[in-house]
Amino acid sequence: MKAHLATFGDFKCAHCRVVVPSAHLVSGVNNRNHCPYCLWSCHLDLYAAGDRLSACKAPMKPMGLTLKAGRKKYQRSTRGELMLIHQCTECSVLSINRIAADDDAETVLAVFQESLALAHQTHILCEENGIVMLKAGDAKIVYTQLYGHQAEIPMISWA
Ligand SMILES: [Zn+2]
Ligand SMILES: [Zn+2]
């Protein structure tokens, strides 16, 4: 799979093939590593975000959502920032990434809906990595973070 990052240039998404203008790459998020349209990422970093030291370079699928743990324990459940969980399609490594202001909210929601059907093993894998994946009961948190406090939460059964 040809997933390449042109130096200081436009970024071609390894998944949906959309060319993301470099202006998008500097839109409020440091070390942006995922496509704002389909939210797929690329396994580029090894030790820290932005180090670009990984030899893997395989596409990473947005597979769920989590909340960034707040500094204070009591904030953890509802106040943390909404984050995407990416899983490498090649080596299965997990990483969590900030959602950028121009990421497609509908797509983030779709990732959340799909994640509800993930196998139990995937949840275990997340737990082993210290990541608490959001579940059906967290739908309100997801809506509020994506659309603001006035968001109308549709009466969908999140089965
Ligand atoms: Zn894409
Ligand atoms: Zn990988």
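Helix α2 and helix α4 (residues 139-147) have axes that come within 10 Å and cross at roughly 165°. Axes here are lines fitted to C-alpha atoms, for helices over the stretch in contact, and angles run from 0 to 180 degrees between N-to-C directions. Because of that angle, α2 is roughly antiparallel to α4 (the term applies over 145 degrees). The crossing is right-handed, with the near helix turned clockwise from the far one by less than a right angle.

This is a predicted model: local features need pLDDT of at least 70, side-chain atom pairs count only at pLDDT 80 or more, and totals for chains, interfaces and linings use all residues. Residues are numbered from 1 along each chain as its sequence is written, while chains are lettered from A and ligands numbered from 1 in the order in which they are written.

Which residues make the contact of the two helices? From α2 come Ala-105, Val-108, Leu-109 and Phe-112. From α4 come Val-142, Leu-146 and Tyr-147. Contact means C-beta atoms, placed from the backbone, within 7 Å. The contact residues divide into 7 nonpolar, no polar and no charged.

Now the sheet. Helix α2 (residues 105-115) lies across β4 and β5, at about 85° to β4. Helices (H or I, at least four residues) and strands (E, at least two) are DSSP runs, numbered from the N terminus. The open sheet has 4 strands in the order β3-β4-β5-β6, with antiparallel pairing. β3 (41-42) and β6 (94-98) stand at the edges with a single partner strand each, so one side of each lacks a neighbour in the sheet.

Strands β4 (residues 59-67) and β5 (residues 82-88) pair over 7 bridges; pairing requires that DSSP finds at least two. Lys-61 stands opposite Gln-87 in β5.

Technical notes
Angles under 35 degrees count as roughly parallel, over 145 as roughly antiparallel, 65 to 115 as roughly perpendicular and the rest as oblique. Ala, Val, Leu, Ile, Met, Phe, Trp, Tyr, Cys and Pro count as nonpolar, Asp, Glu, Lys and Arg as charged, and the others, Gly among them, as polar.
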